[in-house]
Amino acid sequence: MLSEAFQKCIDPSCGLEYPVTDIRIECERGHLLDIKYKSKPQTSLKEVFYKRRNHANNIFNESGVWRFRELLNFCQIDTENIDECSRYLVSLDGAEGRLSKPYHMSKVSDYVGVQNMRLQPEGYNPSGSFKDNGMTTAVTHAKLVNIKKIICASTGNTSASAAMYAANENMECDVYIPAGEVAPGKLGQAFQFGAQVIEIKGNFDDALSASLKQAGKGGGYTVNSVNPFRIEGQKTIVFRALESLDWEAPDWIVYPGGALGNTSSCGKSLMELYEWGWINKIPRIAVVNSEGANTLYTLFNGKFEGKELRWNKGKPDTELIKNYYKFMDTNGIKPKTKATAIQIAKPANIIKGLRALEFTNGIVTQVSDSEMLDGMALVGLNGFDCEMASGAVPAGIKKLTSEGVIKKDDTVIGILTGRQKDSSIPVDYHKNPQNRFANPPKS
Ligand code: F0G
């Protein structure tokens with residue numbers, strides 16, 4: 001195998017390197033990893049990517065992830081050789097990322113007060129969330145290193161996606177979920193795709209610790225977003241958004257914040273594109289936390305011990321993070337939001353997320369459950385489907401616009417991360433005429 005791609009520790013003062021074929025989620029000193037590429041992809045590939053949209057039944061051109069395969073070629077294959085692509089690249093028949101691109105949603109634009117805003121429904125992926133972008137690449141790596149069993153913790157969407165790809169690749173799959181805290185549609189997918197569900201008493205953070213412990217004992221290959229190969233696939237969310245803007249960077253890219261895999265992958269894709277000369281402006285990332293699960297908001301904005309947590313050129317104040325986690329543990333503070341997808345108190349990618357925020361001059365805000373529900377309902381009124389956690393995006397944009405942070409003529413891309421998988425949420429919302437965009441039934 002060529003040594004064009006390799007793994008590298010993200011801590012600049014550590015910087016340990018490993019071959020692509022190593023199976024690890026951190027360096028031996030406990031820092032997260034990046035996938036790095038030695039060569040610089042030529043901008044003429046923009047043309048190639050565009051042409052592949054006319055895919056002529058080549059599933060690797062049809063896939064919204066593998067269409068950009070030269071920018072995530074960690075298998076180091078001849079990307080124009082269809083036999084090599086078929087041998088190495090895992091795809092759900094080209095379905096991942098195929099339908100997701102930014103759409104103008106006029107009612108949402110009017111509500112948030114930004115006309116140059118587009119929302120990208122990543123829920124229109126085969127398992128119904130953005131996770132498929134990264135799962136297709138994580139499972140590709142798993143296949144490259146001959147893995148027969150994958151494992152994850154999940155608030156529901158990761159497990160659905162992992163189970164779906166595992167079923168398709170004939171791999172076993174164990175999913176650790178917080179009992180009673182996962183949308184029924186997501187849990188149903190895990191069962192339906194043949195995964196072994198392991199219910200944990202506690203929240204997502206507890207489930208993640210349990211699954212990582214199990215993986216450490218040889219219990220499977222971790223496909224959570226701490227796996228750097230997940231992050232590679234999720235970069236394509238940004239590629240599709242930028243391609244739709246003719247690679248003219250927007251002013252803002254907005255995500256809901258949970259474990260911060262998306263924030264990390266957005267940051268990595270922008271760092272690479274900027275370094276490679278594909279874009280000459282860096283969009284600002286805005287992360288939207290739920291008020292009930294707002295660790296990043298709290299630490300980034302100096303709401304704990306008065307210190308603003310920053311990447312700080314690779315020297316973040318990790319003591320501050322530890323102290324805040326200890327504070328939550330000793331005071332019994334648990335994440336609590338009806339948007340269970342982002343009910344996370346200890347974002348596993350926080351350090352990478354901080355790097356992304358620093359590179360993009362990003363910001364972090366928070367919204368309430370009712371603001372998220374309004375955002376979700378309004379996306380529905382434009383004929384698009386999203387889940388409550390994704391409703392954080394229009395809600396956050398509205399808040400930031402009303403505060404004058406996002407300007408009315410800014411260009412904004414918002415990522416709607418998942419489809420509705422708990423029908424009781426919109427039904428309850430619309431039955432209550434008190435809700436802002438309720439569409440109550442008649443009797
Ligand atoms: N939106 C949805 C719909 C999600 O499912 C998640 C995360 C997020 C946002 C947060 O994204 O972690 O990249 O910041 N869901 C994970 C799961 C935790 O297990 O399905 P992030």
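Across which strands does α9 lie, and at what angle does α9 run to β3? In this predicted model, helix α9 lies across β1 and β3 and runs at about 60° to β3. The two strands belong to an open sheet of 3 strands, ordered β2-β1-β3, in which the pairing is antiparallel. The edge positions are taken by β2 (17-19) and β3 (33-37), each of which pairs on one side only. Averaged over the sheet and with direction ignored, neighbouring strands are turned by 35° against each other. Strand β1 (residues 5-9) is joined to β3 by 5 bridges, and the two run antiparallel. Within this pairing, Phe6 stands opposite Lys36 in β3.

The axes of α9 (residues 228-244) and α10 (residues 261-275) lie 8 Å apart and form an angle of about 70°. Since angles of 65 to 115 degrees count as roughly perpendicular, α9 and α10 are therefore roughly perpendicular to each other. On the α9 side the contact is made by Arg230, Ile231, Gln234, Lys235, Val238 and Phe239. On the α10 side, Gly261, Asn262, Ser264, Ser265, Cys266, Lys268, Ser269 and Leu270 take part. Classified by residue type, the contact of α9 with α10 comprises 5 nonpolar, 6 polar and 3 charged residues.

A further open sheet contains 4 strands in the order β8-β7-β6-β9, with parallel pairing. Strands β8 (196-200) and β9 (221-222) stand at its edges with a single partner strand each, so one side of each is left without a neighbour in the sheet. Strands β6 (residues 149-153) and β7 (residues 172-178) run parallel and are connected by 5 bridges. Ile150 stands opposite Cys173 in β7. Helix α6 (residues 157-169) lies across β6 and β7, and runs at about 170° to β7.

The loop between β6 and α6 contains Thr155. Leaving aside residues up to four places away in sequence, Thr155 touches Val182, Phe204, Thr340, Ala341 and Gln343. By contrast, the C-alpha atoms of Thr155 and Gly306, 151 residues apart along the chain, are separated by 31 Å.

Strand β5 (residues 117-121) is mostly covered, with 5 of its 5 residues buried. In a regular strand the side chains alternate between the two faces of the sheet. In β5, Met117, Leu119 and Pro121 point one way and Arg118 and Gln120 the other way, and all are buried. Strand β4 (residues 103-104) runs antiparallel to β5 and is joined to β5 by 2 bridges; the bridge partner of Tyr103 in β5 is Leu119. Strand β13 (residues 412-416) runs parallel to β5, with 5 bridges between them. Here, Gln120 stands opposite Ile415 in β13.

Technical notes: Residues numbered from 1 in each chain as written. Predicted model: local features only at pLDDT ≥ 70, side-chain atom pairs only at ≥ 80, totals over all residues. Axes fitted to C-alpha atoms, helices over the stretch in contact; angles between N-to-C directions. Parallel < 35°, antiparallel > 145°, perpendicular 65-115°, else oblique. Contact = placed C-beta atoms within 7 Å. Nonpolar A, V, L, I, M, F, W, Y, C, P; charged D, E, K, R; others polar. Pairing = 2+ DSSP bridges. Buried ≥ 20, exposed ≤ 12 C-beta atoms within 10 Å, placed from the backbone.
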